[in-house]
Amino acid sequence: MAVDVAPPWAPAGWWRQMINIRWAPPLTLLIFLGPVGAGLIGTLLPAFGYFPALGGDHLTLAPWRALARYPGVETAALRSLVTGLTAAGLSVALVLSFIAAFHGTVWFQRARAILAPLLSIPHAAMAMGLAFLLAPSGWILRLLSPWATGFDRPPDIALAPDPYGWSLVLALVIKEVPFLFLMTLGALGQVQAEKSMRIAQSLGYSGMTGWLKTVLPQLYGQICLPIYAVLAFSVSVVDVALILTVTPSPTLGVLILRWASDPDLSLQFVAAAGACIQCLLVLIAIGLWVMGERLVARLGLAWIRRGSRLAPTGAGPLAMLGMVTAAGLGISGLLGLAIWSLTQRWRFPDALPSAWSLDNWGRNFDRVAEPLGTTLWLGLAAAGLALILVILCLEAEQRTGHRPTSRALWLLYLPLIVPQIAFLFGAQVLMVVAGLDGHWTGLVWAHLLFVLPYIFLSLSEPYRALDPRYGRTAACLGASPWRVFLQVKMPMLLRPILIAFAVGFAVSVGEYLPTVFAGAGRLTTLTTETVALSGGGDRRLIGTLVVLQGALPLLLFAFAAAAPFLIHRAAFVRKKSL
Amino acid sequence: MSEKDGLILEDVSLSIGATRLFAPLTLHVPAGEIATIMGPSGSGKSTLLSAICGTLDPVFVQTGTISLRGRNLAGLPPEARHTGILFQDDLLFPHLSVADNLAFGLPAGLNRAERRDRVRAALSDADLADFGARNPATLSGGQRARIACLRALLAEPDALLLDEPFSKLDSELRDRFRQFVFDHASAKGLPVLLVTHDPADATAANGITIHLAV
């Protein structure tokens, strides 16, 4: 039965048709994916020499020849592929073996409590923290010097940034483990994990083996999209690579950004060709990963058929060690930078500052105020807009009864899997044409693209889980669909809605490339400032920026957790008069 | 009593794809009487109630005619059908106080004083006169059930649909609440359609009983 649904303020006629909620999902896809496609075309054309504004008016293979001649480009591409696959492989192995070994134990809950806040820390902040730990004058060497190493001056060796990309891998693992852990936790609720485990254990399989043999095969299909997103991100990451690789041995993403921001405009064509190669690298990485999946599945089936019940020796403690190392490095790096923001004097090899001071905050305020302001309004605008679109899509899904297929879920993940640089480059070309580069609208859209999928992932589960009989009861009491929406669903879903908003805000705070491209250097955020300063030595200023980057999302999460409680209580106090 | 007063189903059947849930059903529930529908799980009892109140999942196809007080319900949205429904769970809105839950059911167009008076009257009717400002979570199961029933009646429905609303209560509470619902429905002269597993419900309803066959 088709019921035309419109808000109570909507007049009849064409206007009513215009705001029919059925339009929400296609409209969202258009806002969301249209520019991605346009951006890819805007990258592809210059890659074949077509860029009229720069005098490229015919198709040619010259950019590709120039790319191939560029020194070190193959090594950079290989470095991107190897570091990306290694980081994603290590993260997935660590998370799955940890969950296999410790599900249902107290460690599981503890891991969740520690990892959830780490998820909201931007990549750049985490990478700066790691850089401080591993630098020649970093915390680790300070703690070991001079008693163990004999150094009383920072030595000439650097663990980070390093020419091989190991610190890059480490930083990616630190940041990806919380994401994969929480995504897996969410997926566990959708498979019959508890029942499968009980049966496996009653048949004599140990906890870890039982989990790997019965739960993981059911689970993997639910988490493969997030894993591909992590893999694609690792292969094409730019901000973390800028911080943790050395100039002579960059990754491909770093090279592309160098070309795209070079004053020599002819390098724009090379950048476009490089961005196409970056796309190809992601496809190769996912292809290799899928082959790996098949292999593991085949070996795993043979392992299941053999019927062995013993856990792999030492796997549990190893997973715990890896988890503690990853979380420990992440937290102590951030702590180190927070201390730097309060430091007056901290000489090598002292473990802690010899003089503390709040002056840095006052002195750096002018430097920080503008990026802080931009970060705030940008995050609030992008998350707010994305939240409205997501809620309307979910509401349309409930009213029409059309649930998106798993293929539609791929569309949602598209901006997370297609390398950012590949379509941001072209999108910037289009924004220059439209006069929107460096304008706030382009910047909000660029952030929306990455914020929206996370808000959807965060909110769709609770939205669909709300007992539909509440809405039916309200409708049978005479409430219109919009009244049910505003007075029943919205208040009951207040908490997950606010949390989804905070998730979106945290994603926006951490974005680097979208800000660099759409902001055109005129609009800067805490994250772009942090990356810009990473080469220099002002750790006090970097510490201030990193503390703010971490604090903003955490504050919003705290608000999201507290607000429904306060509002709820206020509602009952107010009604005492009745 | 005229034909027009009650709830009338004519040749109603429901199907999903090529599967029909039950044989076409024809039933007249006169005002003030209670008809009971029994049948095994999966026979479509609850789905029939959603078809009547207009919240049928779009995967189902309904044929036949449903009319209430002489109005054909086909094509009407649920909020325009005037069919109150009670489920197994009370489904009081957790974000609203007890009084606000009751007020949610009141028709629009009443002034403040009328709304307040009707809510007050309902509260004392439920023996919960002082509970208006309370969070529904702080009420006992029986208290919540009574509020849910009165909320449905405050919306001034033309029929009351009962989707096993007694099955989760313990046996003593069940008898009392059943009497409470039946008394109120008959005082308002409503046709009632009750879906249940429990033969005691059918006996207490004291009306026609229909067994849905798959």
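A residue is classed as buried if 20 or more other C-beta atoms lie within 10 Å of its own, as exposed if 12 or fewer do, and as partly exposed in between, with C-beta atoms placed from the backbone. The structure is a predicted model, in which local features need pLDDT of at least 70 and side-chain atom pairs count only at pLDDT 80 or more, whereas totals for chains, interfaces and linings use all residues. Residues are numbered from 1 along each chain as its sequence is written, and chains are lettered from A and ligands numbered from 1 in the order in which they are written.

Gly186(A) belongs to helix 8 (residues 166–188) of chain A; helices (H or I, at least four residues) and strands (E, at least two) are DSSP runs numbered from the N terminus. Between Gly186(A) and Leu554(A), the C-alpha to C-alpha distance is 21 Å at a sequence separation of 368 residues.

Arg345(A) is situated in strand 1 (residues 343–345) of chain A. With 10 other C-beta atoms within 10 Å, Arg345(A) is exposed. When residues up to four places away in sequence are not counted, Arg345(A) touches Pro353(A), Ser354(A) and Ala355(A), a contact being defined by C-beta atoms, placed from the backbone, that lie within 7 Å. The C-alpha atoms of Arg345(A) and Ser357(A) are separated by 8.8 Å, and the two residues are twelve residues apart along the chain.

Helix 15 (residues 359–400) of chain A comprises 42 residues and reaches 58 Å from its first C-alpha to its last, close to the 62 Å expected at 1.5 Å a residue; the expected span is 1.5 Å times one less than the number of residues. A kink of about 60° in helix 15 of chain A is centred on Phe365(A), where the bend is the angle between axes fitted to the seven residues ending at a residue and the seven starting there. Gly401(A), which follows helix 15 of chain A, has a positive phi near 75°.

Chain A is divided into domain 1 (26–51 + 358–578) and domain 2 (70–326), with bounds from an automatic or database domain assignment. The C-alpha centres of the two domains of chain A lie 24 Å apart. Their contact takes 34 residues from domain 1 of chain A and 33 residues from domain 2 of chain A. On the side of domain 1 that touches domain 2, helix 24 of chain A gives the most, with eight residues. By class, this side of domain 1 has 23 nonpolar, nine polar and two charged residues; Ala, Val, Leu, Ile, Met, Phe, Trp, Tyr, Cys and Pro count as nonpolar, Asp, Glu, Lys and Arg as charged, and the others, Gly among them, as polar.

Chain B contains six helices and ten strands. Its radius of gyration is 17 Å, close to the 17 Å that the globule rule gives for 214 residues, so chain B is as compact as a globular protein of that length; the radius is taken over C-alpha atoms, and the rule is 2.2 Å times the number of residues to the power 0.38. Along the principal axes, the C-alpha atoms of chain B fill a box of roughly 50 × 40 × 35 Å. Buried residues make up 43% of the 214 residues in chain B.

The contact between the chains takes 30 residues from chain B and 23 residues from chain A. Helix 2 of chain B supplies the largest share of the chain B side, four residues.

Terms used
Contact = placed C-beta atoms within 7 Å.
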